[in-house]
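Thank you all for coming.

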Amino acid sequence: MSTVIGPTGAARRDPGQWLTLPGCKKILFIVHTEVYGKRLCDLLPLLESDLRVQVAFTLAPHAFNSGADRLLRSLGATVLPWEHAVRTEFDLALAAGSQGTEQVRAPLIRLPHGAGHVKLSRVADDPPGTPRSVGGLGRKYLMWDGKVVPKALGLAHRDELAQLERSCPEALPVAEVVGDGCHDRIAASLPLRERYRNALGLRAGQKLVLVTSTWGPGSSFNRLDALLPRLVAELPRHVFRPAILVHPNVWAGHGGWQVEAWLAACRRHGITVLPQEVDWRPPLIAADWVIGDHGSVTLYATMTKAAILLARFPERDVNPESPGAALALAAPALSPAHPLTEQLAYAAAEYPAQDYARIAARLSSEPGRFNRNMRRLIYRHLGIGQPAYNPATEVLPPPEPLVGARGGRPLRRRGDGRHRKGHGGCGRARDDG
């Protein structure tokens, strides 16, 4: 269980008197959503075994808090109430979102929470006609009261510096290209594809079709009612194993019961619905096809062997200079007028390997070096030296079997009280690194 320091009690009045290791550098991980939290979890191995450093977490205000709350409980970490966290001095804070970070009493390092900066965003109460900025790179994400909030802004690719110069030039002095940790872990794990397929319970010759959706009105989930019947009716079960991956913000926004209810018919017809806490990266590596939208998972699929079909791509919501826009030109679009099996065969036969390689290369201009770069950045802002070893990029742990897979047990359902270390992107599996 996590330790929550509440508003009353001895731990609240004088927590320092109970510490065995006083005087540590204090780092605050600011978690807004489950997605943001999982991104930050990839930083935890960089701080392991260092007795000079102590990490605490807090749940920052956000519309999609619910999944983040479950994630923090699963860590067994110290979780400070937001009101307490913003009144406490820290030596460093890390976040993958912006909301409320101007209140934190610590130098802040901000990171992106997805593959590049693909989506265009606009605050709901902006006046009509307000230009839409690139999500995460506009002034409203980086500035407060005329000042840049982060002391350091980590970027995945050097091309994003030009976008930042246009959208918020005031933040250029604090920007640093560090790479993409998710990219690096996928790249390191690609040789384990067959191991992941075996762990999922895929039989020889069986094909995994991963349907993935981001959140929002422009997502493929918004049109899932048109695709799901086709997965059931048109894909022979002895050949194809369809699985659905839904963005955690959909679960958080609509509630777990509602999403389960909407997808109940899928389960009854043998389609696997991946629980929101599952690490999506091993199934992505194992997939033969990805049917997706403008979300990050579809972009990361360009690193794998999976053929891609775009079920939805809302051009008006996508940064035209992003790798996501390039993917829309390279990947075939799902058609309602042709059999699904024929379209899957077409996507595989016409696989644009060179185009996908170019798109994948735009996800990080520091491939394999995120851990090195990020640890250097963290310790520089802490004001202490780095530990004397190279921070390795660890491969992803094997997934649990798909629901109904031969010889395997179903993936655990939400809220069953179990948590496997390394599962869902937090922690590490020692047998795999």
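This is a predicted model: local features need pLDDT of at least 70, side-chain atom pairs count only at pLDDT 80 or more; totals for chains, interfaces and linings use all residues.

Let us begin with Asn249, which, if we leave aside residues up to four places away in sequence, touches Thr33, Phe64 and Trp215. Asn249 belongs to helix 10, residues 248-254, and with a relative accessibility of 9% it counts as buried.

Phe64 and Trp215 form one that is edge-to-face, with 5.1 Å from centre to centre and 75° between the planes. Phe64 sits in the loop between strand 3 (53-59) and helix 3 (65-75), while Trp215 sits in the loop between strand 13 and helix 9 (224-234), so the pair ties together parts that are 151 residues apart in sequence. Are the two partners buried or exposed? Phe64 is buried, at a relative accessible area of 13%, whereas Trp215, at 38%, is partly exposed.

Another edge-to-face pair is made by Tyr351 and Tyr356, with 5.1 Å between the centres and 90° between the planes. Here Tyr351 is partly exposed, with a relative accessible area of 26%, and Tyr356 is buried, with a relative accessibility of 1%.

Lys26 lies over the face of Phe90, at 5.6 Å from the ring centre, and Arg375 lies over the face of Tyr389, at 4.9 Å from the ring centre.

Let me turn now to helix 8, residues 193-200, whose buried residues are Arg193, Tyr196, Arg197 and Leu200. Why do these four fall on the same side of helix 8? They cover an arc of only 100° around the axis, and that places them on one side together. Just after helix 8 comes Gly201, which takes a positive phi of about 90°.

The largest nonpolar core has 37 residues, and the members that touch the most other members are Ile186, Leu208, Leu210, Trp280, Leu284 and Tyr300. Taking Trp280 as an example, and again not counting residues up to four places away in sequence, we find that Trp280 touches Cys182, Ile186, Leu245, Val297 and Tyr300. Apart from this core lies another, of 26 residues, including Val211, Trp251, Ile271 and Ala347. In soluble globular proteins generally, nonpolar side chains tend to be buried together.

Finally, let us step back to the whole protein, which has 18 helices and 17 strands. Of its 433 residues, 55% are buried, and the protein exposes about 19,100 Å², with carbon and sulfur atoms supplying 54% of that area. Among the contacts between residues at least 6 apart in sequence, 70% join residues at least 24 apart, and the pair of Phe64 and Trp215, which links parts 151 residues apart, is the case I would ask you to look at again in the view.

Note on methods. Residues are numbered from 1 along each chain as its sequence is written. Side-chain values use heavy atoms; hydrogens and water are left out. Helices (H or I, at least four residues) and strands (E, at least two) are DSSP runs, numbered from the N terminus. Buried means under 20% relative accessible area, exposed over 50%, partly exposed in between (1.4 Å probe, protein chains only). Contact means heavy atoms within 4.5 Å. Accessible areas come from the Shrake-Rupley method with a 1.4 Å probe; for residues, only the protein chains shown count as cover. The arc is that of the directions from the helix axis to the C-beta atoms. Rings of Phe, Tyr and Trp (its six-membered ring) pair if their centres lie within 6.5 Å; planes under 30 degrees apart count as stacked, over 60 as edge-to-face and the rest as tilted. A charge sits over a ring if NZ of Lys or CZ of Arg is within 6 Å of the ring centre and within 35 degrees of the ring normal. A nonpolar core is a set of buried Ala, Val, Leu, Ile, Met, Phe, Trp, Tyr and Cys residues joined through side-chain atoms within 4.5 Å.
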